[in-house]
Amino acid sequence: MLICNLSRRNPCADFAANSAHPVRHFACDLAREEEIAAAADRVLATLGSEATAGRVLLVNNSGIGGFGRFPAPSAARQLEIIDVNVRAVVDLTARLLPCLRERGGAIINVASVVAYAPTPFCATYGASKAFLLNWSVALAEEMRGTPVRVLAVSPGTTRTEFFTGTGAAAPDAIARRGMSPDEVVDAAFTALAGSRANVVPGWGNLLAGVAGSLLPKALAARIARGAMERRVPGSS
Ligand SMILES: NC(=O)c1ccc[n+]([C@@H]2O[C@H](COP(=O)([O-])OP(=O)(O)OC[C@H]3O[C@@H](n4cnc5c(N)ncnc54)[C@H](OP(=O)(O)O)[C@@H]3O)[C@@H](O)[C@H]2O)c1
């Protein structure tokens, strides 16, 4: 198995040292269309030369958030959220899909439990994940009967660096309350082994997601406001 990573920084040195599989890093700012095009070409060329057979798994995991009373933390950040969380995923998937169709495989799109309800104080982030959830489930249906599976994974708070630099108050304290990344990955691969098009890891998150999708949108937004407002300094 060959692992290809696309991100700006190279996280591969430590990971590669402990990986049983070869790891390649392709530096790519997913907010920049020309970098996505170049990185996708390099991934396809690398697959063609170093892993000529076997299925392909595309994990669209990179994503950024922004908390605050809109447009805080900044208008530029709002647009960057759309570029990285939405535009880049659509672009990269379109570029790699012919290879997936030919060789078979799967696409995992990392959305969020906030996709299930309007989320005040991170409105653009929540809407970007709602796009990703609906887009993924629609694609999964389109791909039915083809050798390509599509799965949306919608985690709740997870213990990563995600909240740092988003404008959220006490980012470390928020992350500490979350699930571990390993638990999210386990839930994703268990779902991928089945036939589902979307999964919400963790019972609490699942309940929040179900409630968010069943309630009238304005009521769901009012309830979500309570949870989100606490994450934003000086919002009230
Ligand atoms: N942590 C949570 O509580 C949580 C909850 C629900 C959903 N999620 C979702 O889970 C996914 C993974 O996030 P995480 O929690 O692991 O956060 P993270 O620790 O902040 O990691 C974000 C990843 O995205 C990459 N990235 C950000 N901007 C990029 C850009 N312009 N170009 C290329 N790569 C970029 C980063 O790499 P570089 O900085 O090196 O580019 C990093 O690898 C995201 O889609 C996030 O929305 C997270």
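Trainee: Which residue forms a salt bridge with R24?

Mentor: In this predicted model, the closest N and O atoms of the pair are 2.7 Å apart, and a salt bridge requires such a nitrogen and a carboxyl oxygen to lie within 4 Å. R24 belongs to strand 2 (residues 23-27) and its partner to helix 2, so the pair ties together parts that are 26 residues apart in sequence. The partner of R24 in this salt bridge is E50.

Trainee: Are R24 and E50 buried, partly exposed or exposed?

Mentor: Buried means under 20% relative accessible area and exposed means over 50%, with partly exposed in between. The relative accessible area of R24 is 29%, while E50 has a relative accessibility of 42%. R24 therefore counts as partly exposed, and E50 likewise counts as partly exposed.

Trainee: How is the protein chain divided into domains, and how far apart do the C-alpha centres of domain 1 and domain 2 lie?

Mentor: The chain is split into domain 1, covering 1-53, and domain 2, covering 55-229. In the contact between them, 13 residues come from domain 1 and 13 residues from domain 2. The separation of their C-alpha centres is 22 Å.

Trainee: What area do domain 1 and domain 2 bury between them, and what percentage of it is on carbon and sulfur atoms?

Mentor: The interface also includes three residue pairs in polar contact, both residues of each being at pLDDT 80 or more. On the side of domain 1 that touches domain 2, helix 2 (residues 33-50) gives the most, with six residues, and by class that side has ten nonpolar, one polar and two charged residues. The area buried between the two domains is about 1,200 Å², and the part on carbon and sulfur atoms is 65%.

Trainee: How many salt bridges are counted between domain 1 and domain 2?

Mentor: R87 forms a salt bridge with E33, and the closest N and O atoms of this pair are 3.5 Å apart. R87 lies in helix 3 (residues 75-103) and E33 in helix 2, so this pair ties together parts that are 54 residues apart in sequence. Whereas the structure holds seven salt bridges, the count between domain 1 and domain 2 is one.

Trainee: How far apart in space are D41 and A123, C-alpha to C-alpha?

Mentor: D41 is found in helix 2 and, at 51% relative accessibility, counts as exposed. In sequence, D41 and A123 are 82 residues apart. Their distance in space, C-alpha to C-alpha, is 33 Å.

Conventions: Residues are numbered from 1 along each chain as its sequence is written. This is a predicted model: local features need pLDDT of at least 70, side-chain atom pairs count only at pLDDT 80 or more; totals for chains, interfaces and linings use all residues. Side-chain values use heavy atoms; hydrogens and water are left out. Domain bounds come from an automatic or database domain assignment. Contact means heavy atoms within 4.5 Å. Buried area is the accessible area (1.4 Å probe) that two parts lose on being put together, summed over both. A salt bridge is a side-chain nitrogen of Lys or Arg within 4 Å of a carboxyl oxygen of Asp or Glu. A polar contact is a pair of N or O atoms within 3.5 Å; within protein, one must be able to donate a hydrogen and the other to accept it, and residues adjacent in sequence count only if both atoms are side-chain atoms. Helices (H or I, at least four residues) and strands (E, at least two) are DSSP runs, numbered from the N terminus. Ala, Val, Leu, Ile, Met, Phe, Trp, Tyr, Cys and Pro count as nonpolar, Asp, Glu, Lys and Arg as charged, and the others, Gly among them, as polar. Buried means under 20% relative accessible area, exposed over 50%, partly exposed in between (1.4 Å probe, protein chains only).
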